[in-house]
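Dear colleague,

I am passing on the structure we spoke about, and my notes on it follow below. Please have it open while you read them.

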Amino acid sequence: MTEELLCCRGLGKQFGHKVALAGVDLSLGRGRIIGLLGPNGSGKTTLIKLANGLLTPTRGEILINGEVPGPATKAVVSYLPDASYLPSWMRVRDLVNMFDDFYADFSADRAVEMLSTLEISGAERLKHLSKGTKEKVQLVLAMSRQAQLYLLDEPIGGVDPAARDYILRTILQNYSAEATVLISTHLISDIEPVLDEAIFIQNGHILLHRPVDDIRETEGKSVDEYFREVFKC
Amino acid sequence: MLRKLLKYEFLATARVFGVCYLGLAALSILAGLSMKFPATSNNIVGALMLMAYVCMLAAVMLFTFLTIIRRFYKNLLGGEGYLMNTLPVRSWQLVTSKLIASLAWSAASLVMAALSFALLTIAAVPTFSLFWKDLATVWDVLTYPPAYFELTTGFSFWLFLLEVLLLLLVDGISSICLLYTSCMVGHQFRRWRVAASIIVYFLISFLVSALLDVLPGNASAQQIFALADNISLAVNIQFWRLILVDVVLGSIYFAVTAYLLEKRLNLE
């Protein structure tokens, strides 16, 4: 197992004439919680989708454990998309079974336990759930895996503050010491306490990638304050 | 993994097809009965029910066709693609699971169409004694062609039937794979992906039919019958030619679909 978990070299993505990512070089290690922070349309989702093989790079490459996204990387990456993506006809328990069938690192017991804590019934069909509840189901599924890399795209965007705390606790409790969690968000103050590293991204460029302690020491302010300063309108 | 994919593919489609087939069966029995009672010469209800049955039959066929496309497009290239394309499986396995389920439902729809027609007939015949007598006649008629066929052509009926079924299968595979390829090529465009897919479909269909015209071995019915002294050979050549073409085209469509899904996916 190499020390480097995720690596981007000159990674570029264009949609027509619009540049979503402009030659990103990035290296993520193991055992960290990393915030991918940037305003809307900065390239956060594009980067995460590229890591999942849902988008094809226009230039450069993205590697996970030294491999391009494929079945081997998908087996060790747990992905939480920013939109609801689960088939609406399925019941919650069908989805638990499906994840159990396909992912060797999935724990159905843990998923069932988290669902019951959140008072979500396994018999419920997805189409009858509210948007917030659907997001919770998606998060439970993603965090019930013992993955090496969690890619969480806006995990707390659509839920109420109480659920937000539960979700962050869940993330902290469920990932192993060797795993890395990449959380994309613009709600920085909520996740700042749990972060080890921060990546600032704007217009498809990585502005900085530093440990949060380093930011606090050298800049003399919180990541949230620093973010507001850097991205001042 | 393929078996697991198939399991969820059938789970996703079984309910709607089940409802469709039950509806068709119910309507065929109702149509049959309403043609029997009242047994007057101008039975308007019976005629209307028969029309409803025919419409339902057409609807089931159309639904089968649309479901083949929808399952591929929505489940792999739409919102559910985020789930399916992040499963640790190869793209050819995804395509194969869709293909097998599509073939199975196409066959089931054809069988249900035949079955519903049988149900309608059974419900419509005035009395059962007559029905059994008719059934005997039907059986005679059905079993007559093989003997007649072999007598006139000197060619085994069952081998011929096997060829027909094989052609049906490979033609089904290549037709479905053409739909998939069209979706994947259309997906390479940034905008108007659905329109692009439809244009690609007609373009490929046109090119293939033009290609078939210039390929050796193309013969019209007249030319075949001109060889009347050895008609079975002529027909056989045509069958195997079509089977070969479908196998080649189907393989190309499948490979292109799996390649584009693996290497050129862009879920925006």
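Two residues are taken here to be in contact if their C-beta atoms, placed from the backbone, lie within 7 Å. Please bear in mind that this is a predicted model.

On that basis, Leu178(B), Leu179(B), Ser182(B), Cys183(B), Val185(B), Gly186(B) and His187(B) in helix 6 of chain B meet a set of residues in helix 7 of chain B, namely Arg193(B), Val194(B), Ala196(B), Ser197(B), Val200(B), Tyr201(B) and Ile204(B).

As for the geometry, helix 6 (residues 157-187) and helix 7 (residues 193-214) of chain B have axes 7 Å apart and pack at an angle of about 130 degrees.

The loop between helix 6 and helix 7 of chain B holds Trp192(B), whose phi is near 50 degrees, a positive value in a residue other than glycine. Trp192(B) is exposed, because 11 other C-beta atoms lie within 10 Å.

In chain A, Glu154(A) also has a phi near 50 degrees, which is positive although the residue is not glycine. Glu154(A) sits in the loop between strand 6 (149-153) and helix 6 (161-174) of chain A, and with 20 C-beta neighbours inside 10 Å it counts as buried. For background, most residues other than glycine have a negative phi.

Terms used:
Residues numbered from 1 in each chain as written. Chains lettered and ligands numbered in written order. Predicted model: local features only at pLDDT ≥ 70, side-chain atom pairs only at ≥ 80, totals over all residues. Axes fitted to C-alpha atoms, helices over the stretch in contact; angles between N-to-C directions. Helix = DSSP H or I, 4+ residues; strand = E, 2+ residues; numbered from the N terminus. Buried ≥ 20, exposed ≤ 12 C-beta atoms within 10 Å, placed from the backbone.
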